[in-house]
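Reader: I have a structure open and would like to learn how to read its features one by one. Could you walk me through it?

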Amino acid sequence: MKLLTTRAEREVAASRLRELLEARSEWLCAEFHAGRERAPFALRAGEWELRVSPSALHFSYWTDAGARTWRVAAWECVGHHVRVRVTRRMGAESSMLELVPRVSAREDALAVAAARRAACERMAQTISAHTPWMKIESARLSVGGRRSEPGRYARVLLTRATGAGRRELIAATGPVVSIKAHEIDDALASALSWWSRLGDSTRAKGTRGKSRLWLVVASDLSSAMSERVALLREDVRDAIGIYEHGEASSSSVEALDESANRISLTPAEIPRLDALLTRATRFSRPTRESLSETAERLVALAPTEIDVIRARRGETLRFNGLAFARVRRMLNDERVWFGVQGAGQKVLLDEENWRGLVKLIDELKGHRCADAEDARHAYFRAAPEAWLESILRRDITRLDPGLVVSPLHVQLRTSRESAGAGGARPVDLLALRRDGRLVVIELKVSEDAALPIQGADYWRRVEAHRRSGELRRARLFGELDIADEPPLVYLVAPVFRFHRAFHHLSRMIDPAVEMFRFDINEDWRAGVHVVRRTRVN
């Protein structure tokens, strides 16, 4: 955001804000105070005023409750949205105003769709320039999450007849939006599903020939994509090519120059699986500190529902998986905040508001339980995977009687890098079987096509650390021995919550990754029962 520190900056900001606001006849204004959104209201022409004084830029407007005047501290314009950081009452009250054009929702959707289609066309031209012997048969976007929503990936199909009813086919795809490293799982799952459907369609038409899949990604994502592709079965891996372009993923394919011939696609190397397993990132050892006195005191309020996730600087307390309090320690100072994300402001705990925390726990007892009367309540619906995780954490033998109950590692980070910086998201559960085999457990309660790829990637990270000896040196399982064998992967979801592409995608994973599917009961909140267990690859 642009901070306003001088009168000249305030005058420029006033002129620019006035120009933006006057360009629309009506805005929707929302006030965010201490992270909490107040009910948005319409702001029409003539109902607002900007005034520059020697010491401040004042923004005034009318609401149903009367006039309101703020001092503008900073502002920014992102797309059609205007965000303004404001204060009043001598800085005692601060807020964030977000103004959205009332008629911009449809315009934004059309603009996004047009930009993605244009990016898809540019990608098709780029690929065509690098394969002049191939003909573009089609170039379109993938299916969006909703019927009216444009897809996130380009789908470019190139073909060449080779005679005798045969043809060469290249299915090229890549994101047309900005994506992060941890979203590569979704991108690859989407690409493989599309490629698989194309193969089925080609065989149905009686056409035979060579089919390849090209994955076009930004240069800063090619390494993450290569690591995932290395986990695929050999025949699948050999049919895939990864091509990187020079633009960073933050600008995405939309930022590519419109002159496709000036864009270079560089092939990226796909490592062999064995070579990949020798690359172990720096292991983030879980903390072994004992619980703080405050955490022990809170757990005692509902010992069968409250569990604790330890961090380097404190603990996060969860009620059936839903975080409701955080303990943070800095040197000898310990502070506690309580409150549920999205349900209001976090409150610093002291003896005066202890009753407020007890009241919150009583509300969670009523709404976040298997037999809750209102299944639509926010407390019941929030963080369902964490709820399932908390149930299995108390007794992992519900899933497999051969697993050791304790130690059991929850949300284990295999890298000190954050997910956004290129590191993986934490492993849901890492357990040990009685025979010494490690078990990577990934949980889902809704359909997720990337589940097999995500589980295989966690297997790779854990196996690399096992081979390097990091897990043994970290004594993750105390005195228990870790077998000199690769981990197993348990993919867990309710019976009807496995994605329709799960079967095809799981069979594409290298057989070295021993992967099992666990179907559990739909009413798992009342107790987890395994309905079916099968090896999937």
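Predicted model: local features only at pLDDT ≥ 70, side-chain atom pairs only at ≥ 80, totals over all residues.

Reader: Let's begin with the whole chain. How many helices and strands does the protein have?

Author: The count is 13 helices and 26 strands. Of the 537 residues, 50% are buried. The accessible surface comes to about 26,800 Å², and carbon and sulfur atoms hold 48% of that.

Reader: And what share of the contacts with a separation of 6 or more is between residues 24 or more positions apart?

Author: That share is 59%.

Reader: Now the backbone. What should I expect of phi and of peptide bonds?

Author: Most residues other than glycine have a negative phi, and most peptide bonds are trans. Against that background, look at Met-90, which has a positive phi of about 60 degrees and is not a glycine. Met-90 lies in the loop between strand 8 (81–88) and strand 9 (93–101).

Reader: Is Met-90 buried or exposed?

Author: Met-90 counts as exposed because its relative accessible area is 87%, and the cut-off for exposed is over 50%. Ala-383 also has a positive phi, near 45 degrees. Ala-383 sits in the loop between helix 9 (378–381) and helix 10 and is partly exposed, at 32%.

Reader: Where is there a cis peptide bond?

Author: Look between Ser-406 and Pro-407, where omega is about 0 degrees. Pro-407 belongs to the loop between helix 10 (384–394) and strand 21 (409–412).

Reader: On to the aromatic rings. How is a pair described?

Author: By the distance of the centres and the angle of the planes. A search of the whole structure finds eight aromatic pairs. One of them is Phe-41 with Tyr-61, a tilted pair with 5.5 Å between centres and 35 degrees between planes. Phe-41 is buried at 18% relative accessible area, and Tyr-61 is buried at 2%. Phe-41, Phe-59 and Tyr-61 form one aromatic cluster.

Reader: Why is the pair of Phe-380 and Trp-387 called edge-to-face?

Author: Their planes stand at 80 degrees, with the centres 5.5 Å apart, so the pair is edge-to-face; the cut-off is over 60 degrees. Phe-380 and Trp-387 are both buried.

Reader: Last one: which charged residue sits over the ring of Trp-387?

Author: Arg-525 does, with its charged end 4.9 Å from the ring centre. Elsewhere, Arg-297 lies over the face of Trp-354, at 3.7 Å from the ring centre.

Note on methods. Residues numbered from 1 in each chain as written. Heavy atoms only, no water. Helix = DSSP H or I, 4+ residues; strand = E, 2+ residues; numbered from the N terminus. Buried < 20%, exposed > 50% of the residue type's maximum accessible area, 1.4 Å probe, protein only. Contact = heavy atoms within 4.5 Å. Areas by Shrake-Rupley, 256 points an atom, 1.4 Å probe, with all protein chains shown as cover. Phe/Tyr/Trp six-rings, centres within 6.5 Å; stacked < 30°, edge-to-face > 60°. Lys NZ or Arg CZ within 6 Å of the ring centre and 35° of its normal.
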